[in-house]
Amino acid sequence: MTAQGVEGDVPAAAERPAVAERRLHPVTPFRRAWAPVAVLVGWAVHDPHQAQEQLTRLTSTTLLIALAVLVPASAAYGFLSWWFTHFSVTDGELRIRTGLVFRRTAHIRLERIQAIDVTQPLLARLAGVAKLRLDVVGAEKKDELAFLGDDEARALRAELLARAAGFAPETAHEVGEAPARELLRVPARELLVALVLTGSAWGAVAVALVVPPVLWLLTHSVVTVLATGLPLLGAAGARSAGRFVGEYDWTVAESPDGLRIDRGLLDRTHETVPPGRVQTVRIVQPLLWRRRGWVRVELDVAGSANSVLVPVAPRAVAEAVVARVLPGVTVPAADSLARPPRRAGRCVPLWWRGYGIAVTDAVFATRHGLLHRSLALVPHAKVQSVRLTQGPWQRLWRLAAVRVDTGAGKTVTARLRDAQEAAELLRGQAERSRTGRRDARPDRWMA
């Protein structure tokens with residue numbers, strides 16, 4: 001039986017207007033054409049000896065024929081993969097259809113989207129295109145649309161966020177990107193000084209300077225020293241240089257759809273910290289940063305790869321940004337953290353002084369580290385489970401640890417607590433977590 005429309009009734013499904021499908025930017029085939037070449041390069045890197053043997057067996061004529069076949073094949077692959085890729089936006093989902101032989105259609109529910117990032121690698125910036133990456137609840141990896149025109153990518157992001165927030169489809173186009181207010185911009189000079197003062201950078205340089213002389217004393221081989229020392233020096237420089245390039249011009253802005261982060265010297269990235277999805281905030285302070293009063297703010301976000309909120313900033317400024325991520329939360333002062341009992345020094349000599357804990361109405365806070373300090377803040381509503389652990393040596397000195405598990409799969413631990421205090425923390429935190437989840441606001445865009 002076929003459905004027929006009746007005057008005054010809702011039109012049948014066959015008579016409803018089809019959803020308009022769109023293609024990616026025409027520059028996309030050039031990007032995808034490199035895939036067959038990348039496979040060959042990957043094989044050569046994986047087994048360079050066999051690759052060299054195969055190349056020596058081929059004549060010049062064979063190489064030219066192979067090249068004449070590979071270039072058109074790569075171009076055809078890039079064109080066909082672009083031609084058979086479509087996307088469309090319906091009332092409740094984003095659909096991405098791909099595949100020539102094996103068809104795949106992804107249905108992404110808008111209410112499941114947790115973050116939409118716009119990224120522009122260097123070549124994409126030159127071509128005026130951008131990549132749209134979507135963090136979806138329950139998905140192990142991000143779906144992406146690569147590439148779209150720069151303006152089209154930002155307009156599509158705004159439309160998806162507007163529809164996810166509950167705006168009608170006919171008005172979502174007119175909403176546009178939500179306005180943002182800048183909270184923080186990290187100066188390049190401050191970022192450079194902070195990286196120089198980071199202990200890990202100095203540690204990498206120290207290893208690069210110490211290992212080669214040791215190898216020379218053991219082997220007396222210049223080749224061995226150069227083969228080991230040069231990569232170590234390169235890695236030490238790339239570690240700091242890579243962070244500087246990635247965190248250059250770091251800007252944090254507040255908008256109704258979350259905190260927006262723009263960063264990058266060569267590759268520009270436009271990220272969003274989803275509202276209500278932050279599970280843990282960590283305030284990190286290396287030893288050499290203390291004199292300047294600088295800290296770094298890191299995040300654990302459920303369903304998202306965002307891990308840094310502020311690369312470096314004065315403590316007061318960083319705490320003001322944290323207050324935007326965790327509304328109503330005040331970062332506990334250092335002198336308000338309760339230290340472990342003195343007998344904890346029997347388990348962890350000297351370093352036990354770096355541990356501390358504070359429990360407020362909003363968060364469970366723990367600190368660890370004597371030189372490299374890290375203060376973790378877990379909102380009570382984000383606690384998934386709480387455990388008490390006690391090893392034999394801790395049991396001897398009546399000590400225990402309270403472990404708090406979050407929705408991001410991470411654990412925050414209050415170590416070296418008095419056993420009776422730990423038992424009270426366990427019972428109290430279980431109750432605070434239940435009441436926190438009951439009173440928490442829904443995790444919605446633009447809520």
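In this tour a residue is called buried when its relative accessible area is under 20%, exposed when that area is over 50%, and partly exposed in between (1.4 Å probe, protein chains only). The model is predicted, so that local features need pLDDT of at least 70 and side-chain atom pairs count only at pLDDT 80 or more, while totals for chains, interfaces and linings use all residues. Residues are numbered from 1 along each chain as its sequence is written, and side-chain values use heavy atoms, with hydrogens and water left out.

Select Arg157 to begin, which sits in helix H6 (residues 150-164), helices being DSSP runs of H or I with at least four residues and strands runs of E with at least two, numbered from the N terminus. Arg157 has a relative accessible area of 1% and is therefore buried. Beyond its neighbours within four places in sequence, Arg157 has contacts that include Glu177, Asp257, Arg260 and His270, where contact means heavy atoms within 4.5 Å.

H9 supplies the largest share, 7 residues. Within H9, pick out Leu209, which counts as exposed because its relative accessible area is 55%.

Finally, move to Arg342, in the loop between helix H11 (315-325) and strand S14 (356-359). Its relative accessibility is 64%, and Arg342 is therefore exposed.
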